[in-house]
Structures are given as C-alpha cells and as structure tokens.
Amino acid sequence: MIVFKKNSGLLLQLIPQILVGNTLYPACIRVLIWVLDKITKRAESSYIVENYKEMGYSHLLSTVRCSLLAATAFWFIIVQFILFCTIEWNSEAMDGLSSYQKFVVSLFEVVNSRHSGESIVDLSNISTAILMLFVVMMYLPPYTSFLPITYEKKDSGNGKASENKSAGKNILDCFLCSQLSYLVIFVILLCITERQNLKEDPLNFNVLNITFEVVSAYGSVGFSTGYSCKRRLKTESYCRDTWAGFAGRWSNMGKLILIIIMFSGKLKRYSIKGGKAWKLS
C-alpha cells in the first residue's frame with residue numbers, strides 16, 4: 001500500500017470500509033436493522049432487536065454495547081491520530097508529502113492499527129513510541145469498550161451432572177494462561193529460534209520488532225516493520241530488499257511458530273478467560 005500513499009482519494013474511500021468491516025461492524029448491523037424496521041414496519045425486525053441473544057449471532061449486540069463500542073473505536077482513533085501527527089509529522093516516513101496528504105496518511109495508518117494492517121508508511125522508520133502504541137492497539141480485541149458490560153448468568157441448576165461439568169471446567173481453567181502470557185511465551189520462543197540473527201543483525205532483529213510481529217499476527221492485523229539491508233552491521237552482497245515482511249527473514253522454525261501464533265489469534269476467544277487460576281498475591 002505504500003505506493004498509494006499520495007492517492008488521498010483512494011485512502012479516504014478505504015477508511016470507512018475498514019471501520020465497517022471490523023470495529024464498527026456490530027454497530028452498523030444494529031443501525032441497519034433499525035432502519036429496516038422503520039422502513040418495512042415488519043415484526044421480525046423488532047423481534048431481532050429485542051431478542052438479539054436468541055439469534056445466536058455473536059456480532060449482534062445490544063444498543064448500549066454497540067454505542068460503547070463505537071465510542072471506544074473513535075476514541076482510540078483520535079488518541080492515535082493526535083500522537084501520530086505530533087511525533088511523525090516531520091519524520092522520514094512523511095517525506096515528500098503535502099500537509100493534506102500527511103493528514104490522510106496519518107488517519108489511514110491509525111485506522112488500520114487494530115485489524116486490517118494495510119500500512120501506508122515504512123514502519124521501520126516510525127518512532128518506538130508509536131510502534132509500542134500500535135502493539136497495544138493490535139493486542140486489544142475488536143470489540144473492546146470503555147465500560148464493562150456484564151450480563152446476568154443463568155442458573156445452571158444444582159444437579160450432579162452440572163457439578164461434574166463445572167468441576168471439569170475448573171480443572172481445564174487451571175491449565176489455561178492469559179492471552180498476554182501466551183504472547184510472552186511466543187516472544188521468548190522466537191528469541192530462542194532467532195538468537196543467531198539477534199546477535200549478528202541487531203538493528204533488524206531486535207526484541208521490539210519481534211514483539212511487534214507477534215502481536216500483529218496474534219491480532220490478525222498484518223503490520224510488519226519489514227527488513228532493510230541498509231541496517232545490517234555487515235554489508236552482504238547477497239542481501240536484497242524485498243516487499244516481504246519481517247518474518248520473511250526468519251528461520252523455518254520461527255515461521256512455524258508464527259503460523260501457530262496466527263491460529264492462536266483466530267481462536268483467542270476460547271482462552272479469553274484464561275489465567276484466572278493463577279494468583280499473584
């Protein structure tokens with residue numbers, strides 16, 4: 001996408017599509033059902049809105065939850081946009097762009113930080129502070145909201161079958177770690193598999209770049225700091241800059257671990273409550 005960084009019209013067209021397809025998806029569904037209800041006056045639309053839990057569609061949420069999700073998404077975008085413009089406005093990543101193009105590029109970059117990962121600038125030229133901000137944004141689930149929404153738990157009964165099921169679930173919970181713990185484990189494993197590169201090529205292979213790549217894969221985002229032959233301490237004639245991401249330079253074992261990370265990210269909803277069996281006090 002870097003080749004399109006001066007095409008502000010295209011970027012502005014993609015921004016709403018990215019939001020509607022990810023963080024604002026539940027809110028858009030809610031608005032669409034509401035509009036259909038007002039136009040068609042059919043009872044089915046009202047029933048869906050009032051009984052969204054019975055529909056069995058995880059993206060169909062309550063009006064309050066959708067409002068909080070939309071507010072959270074826009075708040076994250078505003079905070080990222082202000083910080084990105086403040087730090088990167090005159091950086092190397094923005095060279096050759098007009099003020100208007102910088103505005104659009106900054107907006108496009110921060111909108112992509114939570115899911116789609118279409119980078120319009122060279123992330124290897126971005127400051128460490130912004131990279132860490134993107135790491136946090138990529139780690140957050142798409143439906144993160146400011147205020148927690150709790151729902152009443154239905155009584156499961158006092159039968160023996162229910163007790164056995166609960167006991168089995170509690171045993172399983174003891175072996176589950178938190179999502180953050182899994183990320184730390186993956187980063188450590190990659191530091192082991194890429195230890196030779198970390199020693200010989202520290203400017204490209206460093207813990208921050210590896211962490212950035214891991215969180216990006218786990219969050220199904222796709223951001224990558226890339227790899228630059230110019231940053232090698234020892235110039236090698238065989239080194240050629242390509243459009244491949246940073247992981248393209250990893251060892252086969254490192255790439256295999258990254259594949260596992262991507263699968264884990266797709267299944268993270270099943271371990272979102274993990275780590276509660278561990279007490280640190």
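Analyst: Let's start in the middle. The largest nonpolar core has 51 residues, and those with the most contacts inside it are Ile-126, Phe-212, Val-214 and Ile-261. A nonpolar core here is a set of buried Ala, Val, Leu, Ile, Met, Phe, Trp, Tyr and Cys residues joined through side-chain atoms within 4.5 Å. Buried means under 20% relative accessible area, exposed means over 50%, and partly exposed is in between (1.4 Å probe, protein chains only). The elements that give two or more residues to this core are H1, helix H4 (63–88), helix H5 (99–111), helix H6 (128–139), H8, helix H10 (207–218) and helix H11 (252–266). Helices (H or I, at least four residues) and strands (E, at least two) are DSSP runs, numbered from the N terminus. As background, nonpolar side chains in soluble globular proteins tend to be buried together.

Before going on, a word on where the numbers come from. This is a predicted model, in which local features need pLDDT of at least 70, side-chain atom pairs count only at pLDDT 80 or more, and totals for chains, interfaces and linings use all residues. Residues are numbered from 1 along each chain as its sequence is written, and side-chain values use heavy atoms, with hydrogens and water left out.

Leaving aside residues up to four places away in sequence, Phe-212 touches Leu-123, Leu-131, Phe-134, Val-135, Met-138, Phe-223, Ser-224 and Thr-225. A contact means heavy atoms within 4.5 Å.

Now zoom out to the whole chain. There are 11 helices and zero strands in the protein chain, which reads α-α-α-α-α-α-α-α-α-α-α along the sequence. Of its 281 residues, 38% are buried. Among contacts with a separation of 6 or more, 71% are between residues 24 or more positions apart. The accessible surface comes to about 17000 Å², and 63% of that belongs to carbon and sulfur atoms. Accessible areas come from the Shrake-Rupley method with a 1.4 Å probe; for residues, only the protein chains shown count as cover.

On the surface, Leu-180, Val-184, Ile-185, Ile-188, Leu-189 and Ile-192 form a nonpolar patch with about 510 Å² of accessible area together. Patches are made of residues with over 30% relative accessible area and no salt bridge; like charges are joined within 9 Å and nonpolar side chains (Val, Leu, Ile, Met, Phe, Trp, Tyr) within 5 Å. Val-184 lies in H8 (residues 179–193), and Val-184 counts as partly exposed because its relative accessible area is 44%.

What about links between side chains? The whole structure has one salt bridge, that is, a side-chain nitrogen of Lys or Arg within 4 Å of a carboxyl oxygen of Asp or Glu. The partners are Arg-232 and Asp-201, at 3.8 Å, N to O. They tie together distant parts of the chain, 31 residues apart: Arg-232 is in the loop between H10 and H11, and Asp-201 is in the loop between helix H9 (195–200) and H10. Asp-201 counts as buried because its relative accessibility is 3%.

Cys-66 is in none, and the nearest cysteine sulfur, that of Cys-28, is 9.3 Å away. With a relative accessible area of 4%, Cys-66 is buried.

Most residues other than glycine have a negative phi. Lys-41, in the loop between H2 and H3, has a positive phi near 60°, and at 63% relative accessibility Lys-41 is exposed. Ser-220 sits in the loop between H10 and H11 and has a positive phi near 55°; at 24% relative accessibility, Ser-220 is partly exposed.

Thr-23 is in the loop between helix H1 (8–20) and helix H2 (25–40), and at 6% relative accessibility Thr-23 is buried. Not counting residues up to four places away in sequence, Thr-23 touches Ala-73, Arg-114 and Pro-142. Further along, Ser-46 lies in helix H3 (residues 43–50) and is partly exposed at 26% relative accessibility. Glu-44, also in helix H3, is partly exposed with a relative accessible area of 45%.

Definitions and conventions
Disulfide = S-S within 2.5 Å.
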